[in-house]
Amino acid sequence: MTYQNLLIHDEGYVRRIVINRESKLNALNKITLAELHHAITDALANKPIRGILLTGAGDKAFVAGADIAEFSAFDANQGRELAQEGQTNVFDLIHHANKPIIAAINGYALGGGLELALACHIRVATTGSKMGLPEVSLGLIPGYGGTQRLTQLVGRGRALEMILTGDMITANEALGYGLVNHVVAPQDLLGKAENILTKISTRSTNAIGAAIRAVNAGLDPTQNGFETEITAFAQCFGTPDFKEGISAFLEKRKPNF
Ligand code: COA
């Protein structure tokens with residue numbers, strides 16, 4: 001499938017999805033969100049793909065936010081629909097994916113762009129990247145999960161400072177906050193993200209999915225994370241991956257999942 005605003009590239013077990021709307025700093029308009037929903041659903045259903053790398057086209061922006069021009073005349077109902085649909089179809093889809101998704105942040109990650117990175121499981125950023133949730137300067141608040149996921153990741157005080165001031169922080173500040181996992185030179189960004197995904201792709205795909213599910217359950221007030229962990233742990237025992245992992249250990253060889 002060809003997309004209007006996405007580029008797709010497979011490298012081994014890793015699928016790279018590039019948001020390709022450089023003239024608008026890769027801002028998330030309706031069509032880009034619909035394409036992201038399709039591309040991520042497709043990657044998750046594609047068995048040989050074991051990890052997804054999400055990045056932005058060009059060297060200026062990962063994603064500079066939701067498309068401001070597109071929602072400029074919205075009323076409250078349309079605003080609700082925008083947030084609800086986006087959260088369900090893209091941001092929650094990424095958050096709950098059973099394959100790892102890494103955001104490779106190559107410049108501005110603002111508003112919906114930072115929220116997109118926050119929904120991913122791991123974040124790697126270039127040294128010059130800037131991150132922020134500037135919605136209050138537009139008379140808005142974050143609507144794609146930013147108030148929740150940023151707080152979970154960096155704590156209430158730091159999240160509130162970022163959300164209430166709307167200020168951007170540097171990649172190194174984000175590293176200090178625990179908002180990004182790694183900061184690298186621009187030329188090393190894709191390699192670093194791909195290395196992490198390639199390493200994960202050698203592990204049990206069943207166990208990877210179960211681990212993501214258990215970690216996410218602990219962040220969901222409607223679930224008991226410990227109970228989810230016990231159930232997911234138990235389910236691992238019945239799987240071919242468990243058999244292979246244990247056999248490989250006992251036979252002193254690498255497992256082949
Ligand atoms: N929505 C729609 N268009 C956007 C956009 C967004 N979130 N962010 C950038 N663009 C567009 C600009 O309108 C401009 O388009 P034009 O050339 O047709 O006028 C183009 O992308 C380049 O942006 P520009 O503002 O000229 O670049 P800059 O280097 O001067 O500034 C930013 C970069 C990121 C600081 C600035 O674009 C910005 O503040 N963007 C909005 C960030 C934001 O508030 N995001 C949250 C949205 S909820």
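User: What is a polar contact?

Analyst: A polar contact is a pair of N or O atoms within 3.5 Å; within protein, one must be able to donate a hydrogen and the other to accept it, and residues adjacent in sequence count only if both atoms are side-chain atoms. In this predicted model, an N or O atom in the side chain of Lys24 is 2.5 Å from an oxygen atom of the ligand. Local features need pLDDT of at least 70, side-chain atom pairs count only at pLDDT 80 or more, and totals for chains, interfaces and linings use all residues. Residues are numbered from 1 along each chain as its sequence is written, and side-chain values use heavy atoms, with hydrogens and water left out.

User: Which backbone atoms lie 3.0 Å and 2.9 Å from a nitrogen atom of the ligand?

Analyst: A polar backbone atom of Ala64 lies 3.0 Å from a ligand nitrogen, and a polar backbone atom of Ile68 lies 2.9 Å from a ligand nitrogen. The ligand taken alone exposes 860 Å², of which the protein buries 60% (Shrake-Rupley method, 1.4 Å probe; for residues, only the protein chains shown count as cover).

User: Which residues around the ligand come nearest?

Analyst: A residue is near a molecule if one of its heavy atoms lies within 4 Å of it. Of the 15 residues around the ligand, those that come nearest are Lys24, Lys60, Ala64, Ala66 and Ile68.
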